[in-house]
Amino acid sequence: MIRRDLQVDTHGRLKHFLTIEGLGSELLLRILDTAESFAGVGDRAVKKVPLLRGKTIVNLFFEPSTRTLTTFELAAKRLSADVLNINVGASSTTKGETLLDTLRTLEAMQCDMFVVRHAQSGAASFIARHTAPHISVVNGGDGRHAHPTQALLDLFTIRRHKGVLQGLRIAIVGDIANSRVARSQIHALTAVGVAEIRVVAPKTLIPSGVDSLGVRVFYRLTEGLRDVDVIMMLRLQKERMQGAVLPSTHEYFHFYGLTEERLSLAKPDAIVMHPGPLNRGVEIESEVADGAQSVILEQVRYGIAVRMAVMALTLGSHASRERSEP
Ligand code: NCD
């Protein structure tokens with residue numbers, strides 16, 4: 001567990017954004033409200049605000065990514081920051097020294113923020129602990145551990161559709177065991193006080209000890225979907241699976257694929273979410289992914305506003321610390 005004081009300073013301001021755990025609803029809702037104020041920037045003729053002019057943001061991606069990388073890049077650009085994308089590629093040398101050398105090199109270029117994606121759990125907090133004090137670190141997904149901006153954009157999307165977060169019944173369906181998205185979603189939904197979080201998956205894809213997170217476990221999709229307000233689908237993360245945990249993707253779809261028929265078990269106004277990338281015909285059928293209840297592309301769009309909010313709040317708090325220092 002990451003100590004709260006690594007992320008939040010004594011005035012309650014964000015220094016780094018590494019995990020949802022321990023942040024509390026007040027701060028999470030403040031980020032969502034800030035994101036609301038940025039949501040319209042993309043609709044303007046000039047899609048920019050000058051908030052982070054003169055700041056340098058580095059997207060430091062050790063793992064491939066499309067949506068997360070591009071929306072972080074657009075978020076930085078819409079805040080008028082200078083942004084650099086560094087794809088370090090699938091590096092297995094994650095033991096510290098190489099990473100520290102990369103860090104020192106980028107610090108020498110006088111950057112203000114690192115957005116980090118890494119296959120190793122804990123990589124973003126490692127960087128936050130070892131980087132220069134004026135640099136903010138944002139976690140863009142680390143191993144199976146956390147993907148906090150994804151969880152926030154999910155909350156943002158749900159709030160936009162449902163108005164409130166309290167009282168909702170939510171099902172997270174699929175590869176819970178290997179998903180950093182699921183872990184962050186569970187922490188975020190718990191913090192804001194939804195009525196019920198269900199996780200739905202075959203036994204082999206449910207991590208041990210998941211009940212201690214306060215979720216209800218369902219092994220049958222037809223039971224797990226009944227009367228829910230929100231369905232959050234997850235991709236089968238084959239690259240993280242160890243050994244044979246599933247007979248075949250065909251069989252997985254047969255038991256756990258979201259079809260129109262199964263969707264009708266949820267509330268009539270239920271929304272369908274997916275962080276992407278989608279595997280059509282594996283966890284979700286095209287009719288549902290492209291259907292009227294799907295909000296998958298809105299998640300992508302809102303991801304920009306939410307990432308703008310996280311960048312503005314973390315770098316803004318650093319700027320005000322600089323000002324208050326003698
Ligand atoms: C997720 C990720 O990379 O953790 N995708 C994303 O960020 N949009 C989920 C996934 O890869 O399945």
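**Entry 1: where H6 and H7 touch.** I listed the contacts, meaning heavy atoms within 4.5 Å. On the H6 side I found Pro148, Gln150, Ala151, Asp154, Leu155 and Ile158, which meet Val181, Ser184, Gln185, Ala188 and Leu189 in H7. Sorted by class, this contact of H6 with H7 holds seven nonpolar, three polar and one charged residues. For the classes, Ala, Val, Leu, Ile, Met, Phe, Trp, Tyr, Cys and Pro count as nonpolar, Asp, Glu, Lys and Arg as charged, and the others, Gly among them, as polar.

**A note on the source.** I am working from a predicted model, where local features need pLDDT of at least 70 and side-chain atom pairs count only at pLDDT 80 or more, while totals for chains, interfaces and linings use all residues. Residues are numbered from 1 along each chain as its sequence is written, and side-chain values use heavy atoms, with hydrogens and water left out. Helices are DSSP runs (H or I, at least four residues), numbered from the N terminus.

**Entry 2: how H6 lies on H7.** H6 and H7 (residues 180-191) pack at about 55 degrees, with axes 8 Å apart. I take axes as lines fitted to C-alpha atoms over the stretch in contact, with angles from 0 to 180 degrees between N-to-C directions. H6 is therefore oblique to H7; angles under 35 degrees count as roughly parallel, over 145 as roughly antiparallel, 65 to 115 as roughly perpendicular and the rest as oblique. The crossing of H6 past H7 is right-handed, meaning that the near helix is turned clockwise from the far one by less than a right angle.

**Entry 3: H6 itself.** I read H6 as residues 148-162, 15 residues reaching 21 Å from first C-alpha to last, close to the 21 Å expected at 1.5 Å a residue. That expected span is 1.5 Å times one less than the number of residues. Just after H6, Gly163 has a positive phi of about 80 degrees.

**Entry 4: H2 against H6.** I found the axes of H2 (residues 25-38) and H6 within 10 Å, crossing at roughly 70 degrees. H2 and H6 are therefore roughly perpendicular. Leu28, Leu29, Ile31, Leu32, Asp33, Ala35 and Glu36 in H2 meet Leu152, Leu155, Phe156, Arg159 and Arg160 in H6. By class, I noted eight nonpolar, no polar and four charged residues in this contact of H2 with H6.

Conventions. Helices (H or I, at least four residues) and strands (E, at least two) are DSSP runs, numbered from the N terminus.
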